[in-house]
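These entries record what I looked up on helix packing and on the pocket.

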Amino acid sequence: LELSSLPLAFMNAFKDNPSWIEKYPVAYSYTRYIFAITFLWIRWVLYLPRKIFFLYWMFLSLVTARALVYWAYYGIVFTSSVFLMLLQVNWGILILKGFLKHIKTTKKEQSSNSKPKKE
């Protein structure tokens with residue numbers, strides 16, 4: 001999961017140094033694209049199916065636990081896992097919205113730059 005944090009560190013470095021964004025706008029855009037793609041790939045495509053499978057088995061363990069200690073343990077693990085999974089989904093939605101917004105504004109800028117200017 002932490003592999004997607006590497007592009008995030010580069011993106012944060014750009015945000016901490018706004019002059020870099022002005023000097024290297026293409027590198028900043030690529031950094032945002034790489035972060036969005038790695039985050040969605042690792043945390044949605046690879047992580048979520050495994051997490052759902054884990055939650056299935058954790059739920060079965062929870063409902064079949066006979067001792068209160070096991071029930072409490074499985075309950076805490078299940079609840080925190082659901083919370084973390086929902087955070088991943090929420091962050092993914094926010095990243096996807098930002099990614100699509102960035103693409104849309106980039107295309108608008110490119111189309112406005114390519115139109116001939118009227119004199």
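For the pocket entries I count a residue as lining if it has an atom within 4 Å of a pocket grid point. The model I examined is predicted.

I looked up the largest pocket and noted about 210 Å³ of space in it. Its lining comprises 13 residues, and those closest to the centre are Met 11, Lys 15, Arg 32, Phe 35 and Ile 95. H1, H3 and H4 (68-114) each supply at least two lining residues. By class, I recorded eight nonpolar, three polar and two charged residues in the lining.

Entry 2, the packing of H1 on H3. I noted that two packed helices are described by the angle between their axes and the distance between the axes. For H1 (residues 5-16) and H3 (residues 25-64), the angle is about 150° and the axes lie 8 Å apart. Angles over 145 degrees count as roughly antiparallel, so H1 is roughly antiparallel to H3.

Entry 3, the contact. On the H1 side I listed Ser 5, Pro 7, Leu 8, Phe 10, Met 11, Phe 14 and Lys 15. These meet Ala 27, Tyr 28, Thr 31, Arg 32, Ile 34, Phe 35, Thr 38 and Arg 43 in H3. The contact residues divide into nine nonpolar, three polar and three charged.

How values were computed:
Residues numbered from 1 in each chain as written. Predicted model: local features only at pLDDT ≥ 70, side-chain atom pairs only at ≥ 80, totals over all residues. Heavy atoms only, no water. Axes fitted to C-alpha atoms, helices over the stretch in contact; angles between N-to-C directions. Helix = DSSP H or I, 4+ residues; strand = E, 2+ residues; numbered from the N terminus. Parallel < 35°, antiparallel > 145°, perpendicular 65-115°, else oblique. Contact = heavy atoms within 4.5 Å. Nonpolar A, V, L, I, M, F, W, Y, C, P; charged D, E, K, R; others polar. 1 Å grid on protein atoms, 1.4 Å probe; cavity = no way out; pocket = protein on both sides within 12 Å on 5 of 7 lines; lining within 4 Å. Points joined across faces, edges and corners; volume = space filled by probe spheres on them.
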